[in-house]
Amino acid sequence: MSRRFAAFIATGVAMVIVAGALLVLATGHERQPKPTAASTQTSPPPNNAPASEPSGQPTQTPSTPPSTPGKPAADPTASLVKDKNKKVLFFSFDDGPDPYWTPKILQVLAKHNAHATFFQLGKMEAEHPGLREQVLASGNAIGSHSISHPQLTAISAAERHRQIFDGPKSTCFRPPYGASNPKVRADIKAAGMVEVLWDVDPRDWARPGVNAIVQNIMNNAHNHNIILMHDGGGDRGQTVHALDKALTLLAAKGYSFLAMDCKQP
Ligand SMILES: [Zn+2]
């Protein structure tokens, strides 16, 4: 046996020993008591992360969670929840006004003595005159949702400015898809508005079924939350029926439903 061959064999034996030791370590680790099922189950992701909205755009998550850090300093719900124990929810409806669905939503709200905030598109307001006035006359509030629902973080500064400054008149602004950044927020502020996102997205825009929408609201809505729904952007039949059911269930739990403090300058 040459010395070189002997060294080769010795190296091979050493490698086998090391591999064996690693195997023992690995299996030993595996034999450690497993965590209980409960502790390995990750809790479902919070449902308040804004997902997407209609108009054919996929999921668009804002850079900040909407509930706490996303709320503007001048929170249009703050003045309405001074009594922290009072059970209040803020329903909101985006992408209208729609000549068919907006009046249906207004009917359901009136039936339950509820009010809400409508984040309207300037384009829809112009195409369907009178609906803005109808929403306001029934004690609801209007916020701006831009002119034509672009993703404000993906357009030129001039177009972003136009979409924010020349949209529906209000002191509240909700960026389409919840897509915001410091430039968007600066324009909103310069236009005399505050950014309003949401806490609960029951995904009515995806038409998951009336009961799925209702259950999502019932499972996720907490006191003083803003709930996102839609009165435009397509067939909102599920939204209308889900709203009726949810308001019945939530009223039985002691909630009342207020429009936000969005002024109409
Ligand atoms: Zn929208």
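**Entry 1. Conventions and overall counts**

The model is a predicted one: local features need pLDDT of at least 70, side-chain atom pairs count only at pLDDT 80 or more, and totals for chains, interfaces and linings use all residues. Residue numbers start from 1 along each chain as its sequence is written.

I noted 9 helices and 7 strands in the chain. Helices (H or I, at least four residues) and strands (E, at least two) are DSSP runs, numbered from the N terminus. I called a residue buried if 20 or more other C-beta atoms lie within 10 Å of its own, exposed if 12 or fewer, and partly exposed in between, with C-beta atoms placed from the backbone. Of the 265 residues in the chain, 39% are buried.

**Entry 2. Helix H3**

I listed the buried residues of H3 (residues 101–111) and found Trp101, Thr102, Ile105, Leu106 and Leu109. They lie on the same side of H3, because they cover an arc of only 140° around the axis; the arc is that of the directions from the helix axis to the C-beta atoms. An α-helix has 3.6 residues a turn, so residues three or four places apart point the same way. Gln107 and Lys111 are exposed, on the face of H3 turned away from its buried side.

I then asked what covers the buried residues of H3. The cover includes strands E1 (88–94) and E2 (116–120), together with helices H5 (131–137) and H9 (237–252). After H3 comes Asn113, with a positive phi near 55°.

Two packed helices are described by the angle between their axes and the distance between the axes. Axes here are lines fitted to C-alpha atoms, for helices over the stretch in contact, and angles run from 0 to 180 degrees between N-to-C directions. Angles under 35 degrees count as roughly parallel, over 145 as roughly antiparallel, 65 to 115 as roughly perpendicular and the rest as oblique.

For H3 and H9 I read an angle of about 10° and axes 10 Å apart. The two helices are therefore roughly parallel to each other. Trp101, Lys104, Ile105 and Val108 of H3 make this contact with Val240, Leu243 and Asp244 of H9.

For H8 (residues 210–220) and H9, the axes come within 8 Å and cross at roughly 40°. H8 is therefore oblique to H9. The crossing is right-handed; a crossing has this hand if the near helix is turned clockwise from the far one by less than a right angle, and is left-handed if anticlockwise. On the H8 side, Val210, Ile213, Val214, Ile217 and Met218 meet Gln238, His241, Ala242, Lys245, Ala246 and Leu249 in H9.

**Entry 3. The largest nonpolar core**

I defined a nonpolar core as a set of buried Ala, Val, Leu, Ile, Met, Phe, Trp, Tyr and Cys residues joined through C-beta atoms within 7 Å. The largest has 48 residues, of which Ala116 and Ile227 touch the most other members. H9 gives the most to this core, with 5 residues. Setting aside neighbours within four places in sequence, I found Ile227 in contact with Leu89, Phe90, Phe91, Ser92, Trp198, Val200, Pro202, Ile217 and Ala221.

**Entry 4. H6 against H7**

H6 (residues 157–165) and H7 (residues 182–190) pack at an angle of about 45°, with axes 9 Å apart. H6 is therefore oblique to H7. H6 passes H7 in a right-handed crossing. Arg160, His161 and Ile164 in H6 meet Lys183, Val184, Asp187 and Ile188 in H7.

I checked the backbone for exceptions, since most residues other than glycine have a negative phi, and most peptide bonds are trans. Gly96 and Pro97 are joined by a cis peptide bond, with omega about 5°. Pro97 sits in the loop between E1 and H3. Its C-alpha atom is separated by 6.1 Å from that of Glu125, 28 residues apart along the chain. Glu125 lies in H4 (residues 122–127) and is buried, with 21 other C-beta atoms within 10 Å.

In the loop between E5 (194–195) and H8 I found Arg203, with a positive phi near 60°. Arg207 is in the loop between E5 and H8, and its phi is positive, about 50°. Arg203 counts as partly exposed, with 17 C-beta neighbours inside 10 Å; Arg207 counts as partly exposed with 16.

Conventions:
Two residues are in contact if their C-beta atoms, placed from the backbone, lie within 7 Å.
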